[in-house]
Amino acid sequence: MTGTLTSNKSTGEYVNRSVRLTANVTGGNGDLEYQFSEVYNGVTKVVQAYSDKNTYSFTTKEIGKHTYYVDVKDHKGQTLRLSYTMTIVLQPGYEMVGTLTSNKTTAEYENRSVTLTAKVSKGYGGYNY
């Protein structure tokens, strides 16, 4: 079997873009099955289990390098792995918006318990505080 894994977008994309990966495979015996997985920040996860569907659609989210794999197997157990790597970036001029609040006033006596709460109202992906 031989093939390619292509995208309807470029290898560098902004957050919140719709992407479709397509596996084009020739050869093999009988019906082919495709499983798509993603590697991001060193973690691999299956994003579409084995099926006869040779495409995978998603919306870009987390900023950074993402590598997508499609594992293809034929009726006799022959396998092929293809990959596609893309880098996700924020749109130019995009800014996160958030607030930091306190359960106390701006002037407190010493030895008082204070709780600060951070809340992001505009941004992408997960947040680290």
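Two strands are said to pair if DSSP finds at least two bridges between them; strands (E, at least two residues) are DSSP runs numbered from the N terminus. The model is predicted: local features need pLDDT of at least 70, side-chain atom pairs count only at pLDDT 80 or more, and totals for chains, interfaces and linings use all residues. Residues are numbered from 1 along each chain as its sequence is written, and side-chain values use heavy atoms, with hydrogens and water left out.

**View A. Strand β4 and its partners.** β4 runs antiparallel to β7, joined by eight bridges, and Phe36 stands opposite Val70 of β7. Six bridges link β4 to β5, again in the antiparallel sense, with Thr44 of β5 as the bridge partner of Val39. Two residues separate β4 and β5 in a hairpin, where Asn41 in the turn has a positive phi of about 55°.

**View B. The largest nonpolar core.** This set of buried Ala, Val, Leu, Ile, Met, Phe, Trp, Tyr and Cys residues, joined through side-chain atoms within 4.5 Å, has 20 members. Buried means under 20% relative accessible area (1.4 Å probe, protein chains only). Among the residues with the most contacts inside the core are Phe36 and Val70. β8 (79-89) gives the largest share, five residues. Because six of its eight residues are buried, β4 is largely enclosed by the rest of the structure.

**View C. Surroundings of Val70.** Not counting residues up to four places away in sequence, Val70 touches Leu5, Ala23, Tyr34, Gln35, Phe36, Leu80, Arg81 and Leu82; contact means heavy atoms within 4.5 Å.

Methods: Buried < 20%, exposed > 50% of the residue type's maximum accessible area, 1.4 Å probe, protein only. Helix = DSSP H or I, 4+ residues; strand = E, 2+ residues; numbered from the N terminus.
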